[in-house]
Amino acid sequence: MLGAMLGEAWHAMGANRMRTILTMLGMVIGVGSVVIMMAIGQGAQYAVAQTISTMGSNLYIVISGSTSAAGVRSGSGGGPTLNVSDADAIAELDGVTHVAPIHQGTQQLVFGPNNWSSLVVGTTPAYLDARSWTIVNGYSFSESDVRSASRVALIGKTAAENLFGDDDPVGKTIRIRQSPFTIVGVLGSKGQNLDGRDQDDTLIIPLTTAQRKVFGTPFQGSVRVVMVQAASSEAMPMVEKTVTALLRQRHRIRDDMDNDFFIRNLAAVADSAAATTRVMSLLLGAIASVSLLVGGIGIMNIMLVSVTERTREIGIRLAVGARQRDILTQFLLEALLISVAGCLIGLMLGIGGALLTNAITDMVIVISGSSVLVAFAVAAGVGVFFGFYPARKAAALDPIEALRYQ
Amino acid sequence: MADAVVRVCALGKSYVTAAGLFPALKEVDLVIDSGEFVAIMGPSGSGKSTFMNLLGCLDTPSSGAYFLVDRDVAQLAPDELSSLRNRTIGFVFQGFNLLPRMNLEDNVALPLVYSGIEREIRHDKGRQMLARVGLEGYAKSLPSRISGGQQQRVAIARALVNSPQLILADEPTGNLDSHTSEEIMSLFETLNQEGITIVLVTHEPDIAAHAKRQVRFLDGHIVSDLATPQREPAQC
């Protein structure tokens, strides 16, 4: 019987083609916009997640405190309050996976006739692990290079392109402030960070070499920044507490004195960026859902008109033996057919629109199976929900009244 | 009486109107045996339409009892009433009441949809019934393409399709000219000769003359009950 009813529902849709198409259009626009909005929202979330993952996860930055001389305060990182042995002590703490002391600054890199200004980072091999940075060509420097202050360097993609063009940088020697450095490895590409800075425009050298040969430092062994990676995001608060306690103890800070260092949580930046895009995609979805709702109301409206128009038909059907639930099923099927057909067209248009957006802009688009399924389920739900009231109205008609209806 | 198709005892029906309770039908007793051809007559407002609605299980009585093929209709659930309308009763209306968008074959087979009959059998049956009322070859036509008399034949075919025990015809010739009316009435007579019980509402005496028994209503009562050949009507 359901087959016969489906056939009749199809007929009824065809009988008033223009009206059916217009009603369907509501669903098409609703579902289409949900799909596009979800694709854009999820794409944005994906893009932010990608950027965040290039920064390294669960990171703290410990920065040395400020100094003041003759009333002039230096700002954070100004004073020589952190040193390499602090970093070694932090590395012994529970929940800490990698610790890398950092001394960095912008320097002019020179290779033959080419020169390029880039960020030079003096650090230890742990830095690469903490930021999950890979070597695509050559090899990394080691702890012994750090101990012996070797003149070796790892070069980022952007810096390499500017100095060497298409040539392989490995084995070449560049100069920084007249000191020669041998390139031993090329870093994998990370792209921009959340500030928009190119993370690949960099040169990584051993900390000791940086301090002795490049930047120079009045206090041997002191560093301005120590990067600390916690084992997991759950371990982060504990790590922050123990690092603070350890440094206060090592620096002999009395209870009533302020810290002579700062701890910054890089994850907090990442979290807020992720939260922003999550809210954005929710908002986009919510706006799109409103059009789906409007589409559903359109279906209800047309079904109500249809029930009134076909009152006599309903009377005839009841007279020849249709049960109330047969009438209910018939009208529900019609509403469902309109919404599902509209949904399918909307899905196709939505996916097409998302792909088109991807093609003409460089926006990242993610069309997930789950979002398509959700859109489909919601559309079917809308059909049943908004079709139910008119269908029940049809089923509850009095056969005598319905037969008499002109 | 075992072969009574319709047995009505003290049947009453009142409607609630603005002026209070209006009794449309009062204490009606009537027995219609299998194979009878009954014409129900009376002026408008006499209660004959109300009576037909009750006979057709489209309405429920306010008082009294109605047995259709020995089943007490008052005791039946809505779905069982639907089933009675579907299998036991066939309706023929004044306005034909065909579904305009469906072809004739599907119109005739419509009751079979609600009996859960398969598609192929429905179509076969639909064609058979069209042939029986003299409309073979019209299976794929739409109701709007044929004349009123032909439409009424289609409606009769639809009433017959589920082999009912009772055909209820409400002014079946009301919208037809006299020549076509005669054709329709002779079709009813043929069906009756084949053993089908027919109850027909009309206010035209020459139409009623085709029936073997004339029951006349006035003000909600039966005022006369004449059978040809003469016989005493069965008591409730």
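Two strands count as paired if DSSP finds at least two bridges between them, and strands here are DSSP runs of E with at least two residues, while helices are runs of H or I with at least four, numbered from the N terminus. This is a predicted model, where local features need pLDDT of at least 70, side-chain atom pairs count only at pLDDT 80 or more, and totals for chains, interfaces and linings use all residues. Side-chain values use heavy atoms, with hydrogens and water left out.

**The sheet in chain B**
- Four strands of chain B make an open, antiparallel sheet, ordered β2-β1-β4-β5.
- Its edges are β2 (20-33) and β5 (71-72) of chain B, each pairing on one side only.
- β1 (residues 4-17) and β4 (residues 63-68) of chain B pair antiparallel over five bridges, and C9(B) has A65(B) as its bridge partner in β4(B).

**Nonpolar cores**
- A core here is a set of buried Ala, Val, Leu, Ile, Met, Phe, Trp, Tyr and Cys residues joined through side-chain atoms within 4.5 Å; buried means under 20% relative accessible area, with a 1.4 Å probe and protein chains only.
- The largest one has 73 residues, and V6(B), F51(B) and L55(B) are among those with the most contacts inside it.
- Helix α11 (residues 324-360) of chain A gives the most to this core: nine residues.
- Another core, of 37 residues, lies apart from it and includes M129(B) and I156(B).

**F261(A)**
- F261(A) sits in strand β14 (residues 261-265) of chain A and counts as buried because its relative accessibility is 3%.
- Its contacts (heavy atoms within 4.5 Å) include V62(A), L247(A) and H251(A), not counting residues up to four places away in sequence.

Conventions:
Residues are numbered from 1 along each chain as its sequence is written. Chains are lettered from A and ligands numbered from 1 in the order in which they are written. Buried means under 20% relative accessible area, exposed over 50%, partly exposed in between (1.4 Å probe, protein chains only).
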